[in-house]
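Let's walk through this protein model together, one feature at a time. Have the sequence and the 3D view ready, and look up each residue as we reach it.

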Amino acid sequence: RSARSGNKPKPPRGDQRLPLVLPLERVHAGGVQRVEIDGRAFEVKVPAGIRPGQAIRLPGKAAGGGDLLLDVDYAPHPQFEVDGRNVLHVLPLAPWDAVLGTTVAVPTLGGPVELKIPKDSDAGRKLRLKGRGLPGEPPGDQIVEIEITAPRPENEAQRALYRQMALAFGGLT
């Protein structure tokens, strides 16, 4: 537009960057996430497997008509950590389950799955659930790390069993 027409030129529109912290379940499944920014609510389409540092663009939604760029990060999760596209989970197991082997339900971002624990598994052993991590090319895996936890005895009979185990394994000298 020219100044001669009496119309002032529009100022260049400014894009606005803001953080968007997403729950891992939304990152895994994708879909619509409702967010509130400056008192305004937006429905944001989240692509499955979006990575931290990537941005979601909302054209024309910034103050002044620019684009709103939402910089993605992952919210902390009580059960999972993320390493690239892999998801890490620590699985507490009783000593007898680790020694004798068992099948347990393990949480994943897509819902629980059955995992066979091989007998004689040590603390720190890592088992892989192929394709159960974050989506992408290639999809990530879920790594399950075994953590052996000894239950507290709740009565004298259980305490006696611990003493028997200690004697059987060369303890209590």
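This is a predicted model: local features need pLDDT of at least 70, side-chain atom pairs count only at pLDDT 80 or more; totals for chains, interfaces and linings use all residues.

## A cis bond in a loop

Proline 138 sits in the loop between β10 (126-129) and β11. Helices and strands here are DSSP runs, numbered from the N terminus, where a helix (H or I) has at least four residues and a strand (E) at least two. The peptide bond leading from glutamate 137 into proline 138 is cis, with omega near -5 degrees. Most peptide bonds are trans.

Glycine 136 belongs to the loop between β10 and β11 as well. With a relative accessibility of 27%, glycine 136 is partly exposed. The scale works like this: buried means under 20% relative accessible area, exposed means over 50%, and partly exposed is in between (1.4 Å probe, protein chains only).

Residues are numbered from 1 along each chain as its sequence is written, and side-chain values use heavy atoms, leaving out hydrogens and water.

Which loop holds aspartate 38? Aspartate 38 lies in the one between β2 (31-37) and β3 (40-46). Its phi is near 50 degrees, a positive value in a residue other than glycine. Aspartate 38 counts as exposed because its relative accessible area is 66%. Aspartate 120, in the loop between β9 (113-117) and β10, has a positive phi of about 60 degrees although it is not a glycine. Aspartate 120 is exposed too, at 52% relative accessibility. Most residues other than glycine have a negative phi.

Is aspartate 67 buried or exposed? Aspartate 67 is buried, since its relative accessible area is 7%. You can find aspartate 67 in the loop between β4 (55-58) and β5 (68-74). Glutamine 16 is 51 residues from aspartate 67 in sequence, but their C-alpha atoms are 6.3 Å apart.

## The largest pocket

The largest pocket holds about 160 Å³ of space. A pocket is found on a 1 Å grid over the protein atoms alone, as an open set of points where a 1.4 Å probe fits, with protein on both sides within 12 Å along at least five of seven lines; lining residues have an atom within 4 Å of a point. The volume is the space filled by probe spheres set on the points.

Among the lining residues are His77, Phe80, Leu88, Lys126 and Glu145. β7 (86-93) and β11 (142-148) each supply at least two lining residues, and β7 gives the largest share, three residues.

## The whole chain

The chain has three helices and eleven strands, in the order β-α-β-β-β-β-β-β-α-β-β-β-β-α. Its C-alpha atoms fill a box of roughly 100 × 35 × 25 Å along the principal axes.

Of the 173 residues, 29% count as buried. Among contacts (heavy atoms within 4.5 Å) between residues at least 6 apart in sequence, 45% join residues at least 24 apart.
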